[in-house]
Amino acid sequence: MLIITRKKGESFMIGDDIEITVSKIEDGSVKIGIIAPKDISILRKELYKDVEEENKHAMDNIDLNLLKNIKKTK
Amino acid sequence: MIFESKIHGDIQYEEKDIITFNKGLLGFDNLKKFFLVDLVEMEPFKLLHSLENHDIGMIVISPYDFFKDYEIKLNDSTVKNLDIKSENEVKVINTVTLNSDPKKITTNLQGPIIINNSNSLGQQIIVDNLKYQIRQPLVKE
């Protein structure tokens with residue numbers, strides 16, 4: 001992993017067309033500005049982790065009988 | 001062809017039923033081939049079964065059977081990856097997480113699976129929309 005130090009207002013580039021700027025530093029949080037091409041998806045990592053976790057849960061203990069219950073309640 | 005599933009017994013499938021996920025599912029990069037199985041008498045639920053692992057499958061739904069207003073926007077990279085030329089080709093499904101309490105059965109509206117029916121390519125995407133939840137109960141209280 002590359003670690004670089006930036007001050008408020010400073011930027012760095014990833015490749016030719018992704019620019020990351022540190023816009024605000026406050027109380028242990030950093031506000032970051034990102035300029036990137038439209039086809040690059042930018043998501044908080046927690047969201048990835050959550051969806052990965054949920055995929056695991058969805059693969060666990062598949063008991064098709066449980067679906068019958070949901071029909072009855074409808 | 002017959003696939004021996006540990007979840008649903010022997011399942012008949014054809015080559016054309018195979019959906020290829022070039023990137024795998026999130027957290028499961030190694031699982032690239034799945035097929036969709038109709039669950040008789042359990043409609044509208046279906047089973048998305050791994051072709052590469054006899055134990056792995058997920059219950060899925062069409063979101064529109066439960067959430068009529070569900071709406072997602074595909075970004076350019078998804079359209080490109082799946083080679084989508086028209087919205088008519090697109091199928092959306094969402095995974096279901098089972099629970100012995102029906103009220104706790106949920107579906108993942110934030111991580112839908114997009115399938116291009118024309119070329120059988122699939123990809124799981126993440127929807128960054130606070131309206132939709134990863135664990136959305138299927139049954140209303």
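In this predicted model, a salt bridge (side-chain nitrogen of Lys or Arg within 4 Å of a carboxyl oxygen of Asp or Glu) links Arg44(A) to Asp128(B), with 3.4 Å between the closest N and O atoms. Four such bridges are found across the interface of chain B and chain A. Contact, defined as heavy atoms within 4.5 Å, involves 41 residues of chain B and 28 residues of chain A. The two chains bury about 3100 Å² between them, 71% of it on carbon and sulfur atoms; buried area is the accessible area (1.4 Å probe) lost on putting two parts together, summed over both. Met42(B), Leu98(B) and Ile126(B) supply 18% of the area that chain B buries against chain A, more than any other three residues.

A pocket is an open set of points on a 1 Å grid over the protein atoms alone, where a 1.4 Å probe fits, with protein on both sides within 12 Å along at least five of seven lines; lining residues have an atom within 4 Å of a point. Volume is the space filled by probe spheres set on the points, which are joined across faces, edges and corners. Of its 23 lining residues, the closest to the centre are Ser41(A), Leu43(A), Asn75(B), Ile125(B) and Ile126(B).

The second largest pocket has a volume of about 220 Å³, and its lining includes Phe12(A), Ile20(A) and Arg6(A).

Local features need pLDDT of at least 70 and side-chain atom pairs pLDDT 80 or more, whereas totals for chains, interfaces and linings use all residues. Residues are numbered from 1 along each chain as its sequence is written, chains are lettered from A and ligands numbered from 1 in the order in which they are written, and side-chain values use heavy atoms, leaving out hydrogens and water.
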